[in-house]
Amino acid sequence: QVQLVESGGGLVQAGGSLSLSCAAPVTAGRIFSIKTMGWHRQAPGKQRDLVATMTTYGVSNYIDSVKARFTITRDNAKRMVFLQMNSLKAEDTAVYYCYAKHTSAGEYWGQGTQVTVSS
């Protein structure tokens, strides 16, 4: 089973910044067949929700609550997607999961990385 490899996350005070990185292994297929890469998050007791995604050609999408604070970028040559999180709030605390959607093979997920924002 293909699993994305995440790094980053941790503990930060409110107003601080953190960055997340995620790599798609070669077993995930050709990078241009991975139509969308991005991040979801799941807070305790809540469902997993979309945070931000970016298509192969650089079109990004964000949930309203993170717009102007988070920035998603993607490096197709390195098969990676990044999430820069600024002005973090306590409500951003969650496990963040890297996500990728292949055009024919379905969805891939990372193992999750904890982001904790103390108020």
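I began with Thr113 and listed its contacts (heavy atoms within 4.5 Å): leaving aside neighbours within four places in sequence, Thr113 touches Glu6, Gly8, Gly9, Leu20, Ala94, Val95 and Tyr96. I note here that the model is predicted, that local features need pLDDT of at least 70 and side-chain atom pairs pLDDT 80 or more, whereas totals for chains, interfaces and linings use all residues. Residues are numbered from 1 along each chain as its sequence is written, and side-chain values use heavy atoms, with hydrogens and water left out.

I then placed Thr113 in strand E11, residues 113-118; strands (E, at least two residues) and helices (H or I, at least four) are DSSP runs numbered from the N terminus. I looked up the accessibility of Thr113 and found 12% relative accessibility, so Thr113 counts as buried, a word I use for under 20% relative accessible area, with exposed for over 50% and partly exposed in between (1.4 Å probe, protein chains only). I also found that a polar atom of the Thr113 side chain lies 2.9 Å from the backbone oxygen of Gly8. For a polar contact I took a pair of N or O atoms within 3.5 Å; within protein, one must be able to donate a hydrogen and the other to accept it, and residues adjacent in sequence count only if both atoms are side-chain atoms.

I checked the partners of E8, taking two strands as paired if DSSP finds at least two bridges between them. Strand E3 (residues 18-23) runs antiparallel to E8 and is joined to E8 by six bridges, with Ser21 standing opposite Phe82. Strand E7 (residues 70-75) is likewise antiparallel to E8, with six bridges, and I found Phe70 to be the bridge partner of Met85.

I followed E7 into E8 and recorded a hairpin with four residues between the two strands. Arg79, in that loop, has a phi near 60 degrees, a positive value in a residue other than glycine, and Arg79 is buried at a relative accessible area of 14%.

Last, I looked at the loop between E8 and strand E9 (94-102), where Ser87 lies.
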